[in-house]
Amino acid sequence: MKVIVNKFLTPRGFRGVTFFPFVIIANGDDALNKPFMNHEKIHWRQQLELLVVPFYVWYFLEFMVRLVHFKNRKKAYRTLSFEREAYENEKDLNYLQSRSFWRFLKYI
């Protein structure tokens, strides 16, 4: 995993984004924020498990379904299975050591 600090590559309204094998963050200080970086590492693992491209397809389709359902972009984003897993476990810095394969399915 390679961390890149570049606020112009980070989507507006986001502190960071993971595009395997990179984590792009807007603020270099976030590289020292352990829960934040753990959140991005969880996404990195999710992408690796789904062989990257299927992750993005799934993420987009799930987002579209939730957007139609909630009619709210933030709510759709926060309820994605990938995001729920990452947000709920970002403070557990040992989570990835004990995480089972395709664990995000629990959050659908």
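Biologist: What pattern does the protein follow when it is read along the sequence?

Modeller: This is a predicted model, and in it the protein has 5 helices and 3 strands. Read along the sequence, these elements follow the pattern β-β-β-α-α-α-α-α.

Biologist: How compact is the protein, and what is its radius of gyration?

Modeller: The C-alpha trace spans about 35 × 35 × 25 Å along its principal axes. For 108 residues the globule rule gives 13 Å, and the protein comes close to that value, so it is as compact as a globular protein of that length. Its radius of gyration is 13 Å.

Biologist: Is Glu-62 buried or exposed?

Modeller: Glu-62 belongs to helix H2, which covers residues 53-70. Its relative accessible area is 10%, and the cut-off for a buried residue is under 20%. Because of that value, Glu-62 counts as buried.

Biologist: Which residue has its backbone nitrogen 2.7 Å from a polar atom of the side chain of Glu-62?

Modeller: If neighbours within four places in sequence are left aside, Glu-62 is in contact with Thr-79, Leu-80, Ser-81 and Phe-82. One of these residues also places its backbone nitrogen 2.7 Å from a polar atom of the Glu-62 side chain, and that residue is Ser-81.

Biologist: With which residues is Lys-41 in contact, leaving aside its neighbours within four places in sequence?

Modeller: Lys-41 is found in helix H1, residues 34-49, and at 37% relative accessibility it counts as partly exposed. Its C-alpha lies 8.3 Å from that of Val-23, a residue 18 places away in sequence. Once the neighbours within four places are left aside, the contacts of Lys-41 are with Met-1 and Leu-96.

Biologist: Which two residues does a cis peptide bond join?

Modeller: The place to look is the loop between strand S2 (16-19) and strand S3 (22-25), where Pro-21 is found. The peptide bond in question has an omega of about 5 degrees, and it joins Phe-20 and Pro-21.

Biologist: Where does Lys-71 lie, and is this residue buried or exposed?

Modeller: Lys-71 lies in the loop between H2 and helix H3 (73-78). Although Lys-71 is not a glycine, it has a positive phi of about 55 degrees. Its relative accessible area is 69%, and the cut-off for an exposed residue is over 50%. Because of that value, Lys-71 counts as exposed.

Biologist: What is the phi of Trp-102, which is not a glycine?

Modeller: Trp-102 lies in the segment after helix H5 (95-98). With a relative accessible area of 31%, Trp-102 is partly exposed. Its phi is positive, at about 55 degrees.

Definitions and conventions. Residues numbered from 1 in each chain as written. Predicted model: local features only at pLDDT ≥ 70, side-chain atom pairs only at ≥ 80, totals over all residues. Heavy atoms only, no water. Helix = DSSP H or I, 4+ residues; strand = E, 2+ residues; numbered from the N terminus. Buried < 20%, exposed > 50% of the residue type's maximum accessible area, 1.4 Å probe, protein only. Polar contact = N/O pair within 3.5 Å; in protein donor to acceptor, adjacent residues only side chain to side chain. Contact = heavy atoms within 4.5 Å. Rg over C-alpha atoms; globule rule 2.2 N^0.38 Å.
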